[in-house]
Amino acid sequence: MKRIRVFLYYVAVNIVNTILQLIGSLGFLLYGMKLMSDGVQKSAGEKLQRALGLMTGNRFVALLTGLVVTMIIQSSGATTVMVVSFVNAGLISLTQSIGVIFGANIGTTVTAWIVALFGFNFDIESFSVPIVGIGFLLTTFKKLHKEGLGEAVMGFGILFMGLGMLSKIITLKDSNSLMFLTQFQNSGALALAVGVFAGIVLTALIHSSSALTAIILTMAYNKLLTWDFSCAMVLGSNIGSTIDSVLASIGTKVNAKRTCLVHVLFNVSGVILALIFFHPFLALVDWIVPGPVESNITYHIAMLHTIFNVITSIIFIPFVNQIAALTEKIIKPKDDETPQEYRLEFTGIKENATAGIIRAEKEISDMTDVVTGMFDRIQMGFTDRSQSFIDEHIGPLSQAEDYADQMHVQLSRYIIQCEHLPVNEKQLNNLSIMLQVVDELELMTDDCLSIGLLLERSVQKNMKFPQEDMDRLIPYVELARQFLQFIRININRHLDEDKLAMANEIEGQIDLFRKNLKKTARKRLESGADVKSELLYIDMVRQIEKIGDRAFSISGLLSQTV
């Protein structure tokens, strides 16, 4: 009995030890991929962003762009998150985004080839340590300004370190402890279903189809997975990889949601086609890759991953317009584009700083629209100071101000969270400026509501103003409106010296108007005019000047962006 207990204890310890080593090696693998992707985005993120932003309407150029960007950053999830953010920001169209998604799916297969070519033919662990050392030196010597590249090199080394550890753990002698992954392999159609399901779930859990493909390659190389089951898992990982775009689409505009739907439909449809023609598909891969499957199964799996994404892209690329039309029928725009409750969730961004910044810029642009919309309402009150103005505009003004308060809180929190993503100094500076811009915009909404309430009070108290005094206010208000439009057009852009001089000139004109209007009001007070009316008039003049001051403050902040 004692021997049995000792034996069971030994087996339990062995299983727990194996599981912990698997988790540890997987952690090295995932962290290496994350560090490599983050490093590339830090060093080349803005160039990649510009490449996506300048993309033309040509679907083949879009496909090539998605392919190249994904090859560089080694993450189709990061690319699709950026695409969703770009569509949400209105920088690219839904049709353009479809080509990028196709290209991203092809680009992500590069990781499988790197692992297949280098992961099992060399003593990668001995190579990985010097690579990590080189990357560390690049990050240490700040004068080189290669911190991002250093992180990418370190990530590359850590990735292969984890892969080497994984390969040692996943061996034939450990197959009993991993039987839960392999017991369905010889079950025919059931094996394919289990393999696809496992690929979907595991990819969704670890948020990386590339990492799961590396694990599949390792297990297949150690003869723990059959050729058919490995293929089924790879196909499933393509569906699981859509989780990032799904999360990124939460709380976005209708076209961003459609872009996410394109990604899901494309990957699911491709997998269904591959399963229908599963054995002919595998035969095609066998014909392309020389030699028996058993002797070079890693090359076969990498080729299958590539051929699958290339063929599905070729099949669907002629139907880009039809796919876009289908998503437009499935996801209808809401009747009310301005919801009563503002929501901005920090989901789907993962560790993608570029996508986070794009989303923040879009929300700031929307907040600027809220401010200008409120100001347009109060401008009507100066030409139509009546009960109808109060009935039609004061309620919406109050709702818009409350909505802007929600934006202020959630957007500020979102920007602060973005600052903790892997950002470079330039991005960190711009995020800090964004926070201050959001503060100024929120204060502008307070000013707009204050002016609206002053107009309301003047009507309710039946205050009388000379017509020439109200006429003097109209060009003053129009000048403030022009300043707001200037901010609206240039928001999220760097203001050069010429534009800053233009902002300074408008601010000077507003100040001069304010002095003259207040001087006129004081003269009326001295001549015996109604005190309450004149003080309210001065308050309106002061509140409009505040809006000009805040617009000038935003101009100065935008001039500091890099």
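Trainee: Which residue does Arg550 form a salt bridge with?

Mentor: Arg550 pairs with Asp447, and their closest N and O atoms are 2.6 Å apart. A salt bridge here is a side-chain nitrogen of Lys or Arg within 4 Å of a carboxyl oxygen of Asp or Glu. This is a predicted model, where local features need pLDDT of at least 70, side-chain atom pairs count only at pLDDT 80 or more, and totals for chains, interfaces and linings use all residues. Residues are numbered from 1 along each chain as its sequence is written, and side-chain values use heavy atoms, with hydrogens and water left out.

Trainee: Is Asp447 buried or exposed?

Mentor: Asp447 is buried, with a relative accessible area of 4%. Buried means under 20%, exposed over 50% and partly exposed in between, using a 1.4 Å probe and protein chains only. Arg550 also counts as buried, at 18%.

Trainee: How many salt bridges does the count come to?

Mentor: By this rule there are 7. Among them is Asp366 with Lys362, at 2.8 Å from N to O. Asp366 and Lys362 are both in helix H17, 4 residues apart, about one turn of the helix. Lys362 is buried at 11% relative accessible area, and Asp366 counts as buried at 16%.

Trainee: And which residue does Glu363 meet?

Mentor: Glu363 meets Arg359 in a salt bridge of 3.2 Å, N to O. Glu363 and Arg359 are 4 residues apart in helix H17 (residues 353-383), so about one helical turn separates them. Both Glu363 and Arg359 are buried.

Trainee: Switching to helix packing: at what angle do H13 and H16 pack?

Mentor: H13 and helix H16 (residues 320-330) pack at about 115°, with axes 10 Å apart. Axes are lines fitted to C-alpha atoms, for helices over the stretch in contact, and angles run from 0 to 180 degrees between N-to-C directions.

Trainee: Which residues make the contact?

Mentor: H13 gives Arg258, Leu261, Val262 and Leu265, while H16 gives Ile323, Leu326, Thr327, Glu328 and Ile330. Contact means heavy atoms within 4.5 Å.

Trainee: Last one: where is Phe319 found?

Mentor: Phe319 is in the loop between H15 and H16, and Phe319 is partly exposed, at 42% relative accessible area.

Notes:
Helix = DSSP H or I, 4+ residues; strand = E, 2+ residues; numbered from the N terminus.
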